[in-house]
Amino acid sequence: YAFLQTLNFRGSLSEFDVQDHTGTVGLTYRNTIKEMPYFTGIQIAYDFITRGGDTFVQGPIFQPFFTLVENANNLTTFQFRARIKDFSQSNVPPEEVRDGTNFMIGGTHFFRFEQDRHYIKLGYQYDVDDTDGANYEYYGNRFLFGGQYTLPWGDIRLRYDLDAHLRNYRNKHSFLPVILVGTTPVFAGGTTERRDREIINLLSISKDLSDSFTVSLDFLFDINSSNLAVFDYTRDVFSLSLTWRF
């Protein structure tokens with residue numbers, strides 16, 4: 001079970017407080033193929049998110065996986081995911097209904113060094129968002145790159161992850177973009193298919209304080225570029241965390 005709560009302390013921004021409850025169960029089977037260890041199994045989760053104290057989205061997530069350890073320096077994992085999303089929406093046009101299912105399939109390969117003190121990872125995922133509302137249907141390509149280096153002193157781990165998600169929406173947006181006719185803004189729906197390019201960078205530094213506790217400092221920089229300007233944004237998140245394993 002995982003729980004996340006964000007709080008905003010600026011007046012009306014409390015309506016953007018987010019609370020996330022996720023329960024997960026998993027089953028894993030281990031064996032070998034030609035002396036190569038492998039792990040296969042499935043994780044089933046249920047995600048329940050509120051915003052401003054009201055239900056925002058909920059639904060189950062099904063994720064089977066297969067991981068093959070080729071040798072001490074190579075590991076490959078394949079996964080499939082189906083996430084059903086049920087949004088609490090009312091009084092929205094049919095094209096704006098976000099309920100639906102996201103399907104993803106992909107794989108990631110790790111090049112491992114010194115018993116995972118250092119590694120490089122490369123991955124690719126293909127996903128489809130099959131939504132009830134035409135404005136949110138897309139197919140996407142996600143490219144993953146990352147690595148970890150453990151300093152020779154203090155066992156301090158430096159990690160970098162790049163997640164590039166290229167989303168091509170299937171239908172022309174029903175009411176965007178907004179164009180100016182003279183000085184008057186006019187909705188020009190039905191003319192443009194949305195294209196988003198989201199680049200997420202994550203930098204992390206962490207250290208084990210003991211066998212049970214790890215402290216981490218993370219910086220996440222998220223850039224979303226879209227041909228519909230209203231969907232352009234950048235996001236910076238700094239996180240300081242203490243993890244307890246028991």
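**Entry 1: ground rules**

I count two rings of Phe, Tyr or Trp (its six-membered ring) as a pair if their centres lie within 6.5 Å; planes under 30 degrees apart are stacked, over 60 edge-to-face, and the rest tilted. With that in hand, I found that Tyr 29, Tyr 38 and Phe 66 form one aromatic cluster.

I noted that this is a predicted model, where local features need pLDDT of at least 70 and side-chain atom pairs count only at pLDDT 80 or more, while totals for chains, interfaces and linings use all residues. Residues are numbered from 1 along each chain as its sequence is written, and side-chain values use heavy atoms, with hydrogens and water left out.

**Entry 2: the chain as a whole**

I started with secondary structure, taking helices (H or I, at least four residues) and strands (E, at least two) as DSSP runs numbered from the N terminus. The protein chain has zero helices and 14 strands. I then looked up the extent of the C-alpha trace, which spans about 65 × 45 × 35 Å along its principal axes.

For burial I used relative accessible area: buried is under 20%, exposed is over 50%, and partly exposed is in between (1.4 Å probe, protein chains only). Of the 246 residues in the protein chain, 34% count as buried.

Next came contacts, meaning heavy atoms within 4.5 Å. Among contacts in the protein chain with a separation of 6 or more, 47% are between residues 24 or more positions apart.

**Entry 3: the sheet**

A reminder to myself: strands of a sheet pair through backbone hydrogen bonds, either parallel or antiparallel. Here I call two strands paired if DSSP finds at least two bridges between them.

In what order do the twelve strands of the open sheet stand? I read β1-β2-β3-β4-β5-β6-β7-β8-β9-β12-β13-β14, with antiparallel pairing. Strands β1 (2-6) and β14 stand at the edges with a single partner strand each, so one side of each has no neighbour in the sheet. Neighbouring strands of this sheet are turned by 15° against each other on average, direction ignored; the axes behind that angle are lines fitted to C-alpha atoms, for helices over the stretch in contact, and angles run from 0 to 180 degrees between N-to-C directions.

Strand β3 (residues 36-51) runs antiparallel to β4, and 14 bridges join them. Ile 44 stands opposite Phe 62 in β4. Two residues lie between β3 and β4 in their hairpin, and Gly 52 in the turn has a positive phi of about 65°.

Then I moved along to strand β4 (residues 54-71) and strand β5 (residues 74-87), which pair in the antiparallel sense over ten bridges. These two also form a hairpin with two residues between them. Asn 71 stands opposite Asn 74 in β5, and Phe 65 has Gln 79 in β5 as its bridge partner.

**Entry 4: rings**

How many aromatic pairs are there by the ring rule? I count eleven. Why is the pair of Tyr 29 and Tyr 38 tilted? Their ring centres are 6.3 Å apart and their planes are at 55°, so the pair is tilted. Tyr 29 is partly exposed at 45% relative accessible area, whereas Tyr 38 is buried at 13%.

The rings of Phe 219 and Phe 238 have centres 4.7 Å apart and planes at 25°, so I call this pair stacked. This pair links distant parts of the chain: Phe 219 is in strand β13 (residues 213-226) and Phe 238 in strand β14 (residues 233-244), 19 residues apart. Phe 219 is partly exposed at 24%, and Phe 238 is exposed at 65%.

I also checked for charges over rings (NZ of Lys or CZ of Arg within 6 Å of the ring centre and within 35 degrees of the ring normal). The charged end of Arg 98 sits over the ring of Tyr 136, 5.2 Å from its centre. Arg 194 lies over the face of Phe 231, 3.5 Å from the ring centre.

**Entry 5: Arg 245**

Last stop: Arg 245, found in the segment after β14. Is Arg 245 buried, exposed or partly exposed? Its relative accessible area is 36%, so Arg 245 is partly exposed. Leaving aside neighbours within four places in sequence, Arg 245 is in contact with Asp 208, Ser 210, Asp 211, Ser 212, Phe 213 and Thr 214.
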